[in-house]
Amino acid sequence: MYEIMRKLPLNPEVTLMDIHAPHIASKAKAGQFIIYRLHELGERVPLTIAGADADTGAVTIIFQKVGRATSELDRLDEGDAILDFVGPLGVPTHIEGIKKAAVVGGGLGCAIAWPVAKALHAQGTEVDMIAGFRNRELVILEDEMRAASKGLHICTDDGSYGVKGLVTNVLNGLLENGASYDRVIAIGPLIMMKFVCKLTEERKIPTLVSMNPIMVDGTGLCGCCRVTVGGSIRFACVDGPDFDGHLVDFDEAIRRSRAYAPQEREAACRLLERGALVNA
């Protein structure tokens with residue numbers, strides 16, 4: 001069993017937890033992930049490792065309450081325990097030799113982008129960070145992202161905080177004003193990463209993206225997390241989650257991400273109904 005050491009709401013939808021998992025904390029690197037299962041009948045859920053402290057044995061995860069498994073996790077408190085917590089899984093983000101980088105996060109993707117920016121900053125890389133959210137209420141990790149970058153640029157869809165507009169607008173503005181990067185790293189919704197890559201491909205800037213397709217076993221056996229990269233099938237759980245963004249077939253990935261949309265809507269309705277009954 002893996003004890004919850006800390007629980008911290010970041011906004012109405014997103015929660016941070018520190019889980020006591022010393023064997024993972026001693027090995028985890030930026031870009032890797034874990035898979036948790038709350039109980040014997042629980043769903044296997046992959047989450048990116050947002051941080052790790054080898055001294056305390058804490059592994060930080062950040063999750064959004066979007067379904068039954070994450071809602072059940074959010075109902076647990078400090079001192080409660082999780083049955084399974086497996087990792088570190090996946091290939092760490094390759095950051096060696098990068099002198100100047102732009103790290104672009106969208107929404108909850110900022111929880112993945114932040115540890116990458118932090119690792120780059122720790123090795124002496126000059127980091128510009130761009131973080132996009134729907135509105136001010138959903139902004140997370142602002143202080144942490146600012147500490148991990150030379151400059152943090154926040155934008156919101158509705159203009160309620162930072163710059164109004166898209167992360168691509170901010171990135172293009174930086175490039176137009178003379179910024180140059182060895183690498184752009186984009187993490188967030190598929191459509192956001194697609195258009196970041198279109199922009200950087202035009203300017204011939206190498207770009208990494210972090211893919212999070214449907215995943216079951218996390219070992220490459222089930223094939224659910226397949227993505228097409230450079231015309232070849234790759235598995236995000238063992239070959240990624242990072243890939244060359246200029247080679248990813250985003251249109252296919254977007255189609256696959258919508259495969260279970262009707263079932264997800266039905267499950268969300270059931271969760272809402274259950275919550276209404278509980279609170280009645």
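**Exercise 1. The start of the chain**

In which segment is M1 found? Determine also whether M1 is buried or exposed, and list its contacts beyond its sequence neighbours.

*Solution.* The structure under study is a predicted model.

Step 1. M1 belongs to the segment before β1 (2–9).

Step 2. The relative accessibility of M1 is 69%. The cut-off for an exposed residue is over 50%, so M1 counts as exposed.

Step 3. With neighbours within four places in sequence left aside, the contacts of M1 are A81, I82 and L83.

Step 4. As a check on distance, M1 and V45 are separated by 44 residues in sequence and by 16 Å in space, C-alpha to C-alpha.

**Exercise 2. The largest nonpolar core**

Identify the residues that touch the most other members of the largest nonpolar core, the elements that supply at least two of its residues, and the element with the largest share.

*Solution.* Step 1. The largest nonpolar core holds 36 residues, and L171, Y181 and M211 touch the most other members.

Step 1. At least two residues of this core come from each of β3 (33–37), β8 (100–106), α5 (167–176), β12 (183–187), α6 (190–202), β14 (226–229), α7 (236–239) and α8 (250–257).

Step 2. The largest share, 6 residues, is that of α6.

Step 3. Another core, of 31 residues, lies apart from this one; among its members are A30, I62, V103 and C110.

Step 4. For Y181, the contacts that remain once neighbours within four places in sequence are left aside are K100, A101, A102, D128, L171, L174, L175 and I205.

**Exercise 3. Two helix pairs**

*Solution.* Step 1. The angle between α5 and α6 is about 20 degrees, and their axes are 10 Å apart.

Step 1. The crossing of α5 and α6 is right-handed.

Step 2. On the α5 side the contact involves V167, T168, L171 and N172, which meet M192, F195, V196, L199 and T200 of α6.

Step 3. For α6 and α8, the packing angle is about 175 degrees, with axes 10 Å apart.

**Exercise 4. Backbone geometry**

Locate the cis peptide bonds at P88 and P241, and describe the surroundings of L141 and K204, two residues with positive phi.

*Solution.* Step 1. Most residues other than glycine have a negative phi, and most peptide bonds are trans.

Step 1. Between G87 and P88 the peptide bond is cis, with omega near -5 degrees; P88 is part of strand β7 (residues 84–89).

Step 2. G240 and P241 are also joined by a cis peptide bond, with omega about 20 degrees. P241 sits in the loop between α7 and β16 (242–244).

Step 3. L141 has a positive phi, near 60 degrees, and occupies the loop between β9 (126–133) and α4 (142–147). Its relative accessible area is 6%, so L141 is buried.

Step 4. K204 has a positive phi, near 55 degrees, and lies in the loop between α6 and β13 (207–210). With a relative accessible area of 72%, K204 is exposed.

**Exercise 5. Sequence separation and spatial distance**

*Solution.* Step 1. G173, in helix α5, is partly exposed at 26% relative accessible area.

Step 1. T228, in strand β14, has a relative accessible area of 13% and is buried.

Step 2. Leaving aside neighbours within four places in sequence, T228 contacts I233, L247, V248, D249 and E252.

Methods
Residues numbered from 1 in each chain as written. Predicted model: local features only at pLDDT ≥ 70, side-chain atom pairs only at ≥ 80, totals over all residues. Heavy atoms only, no water. Core = buried A, V, L, I, M, F, W, Y, C linked by side-chain atoms within 4.5 Å. Buried < 20%, exposed > 50% of the residue type's maximum accessible area, 1.4 Å probe, protein only. Helix = DSSP H or I, 4+ residues; strand = E, 2+ residues; numbered from the N terminus. Contact = heavy atoms within 4.5 Å. Axes fitted to C-alpha atoms, helices over the stretch in contact; angles between N-to-C directions. Left-handed = near helix turned anticlockwise from the far one by under 90°.
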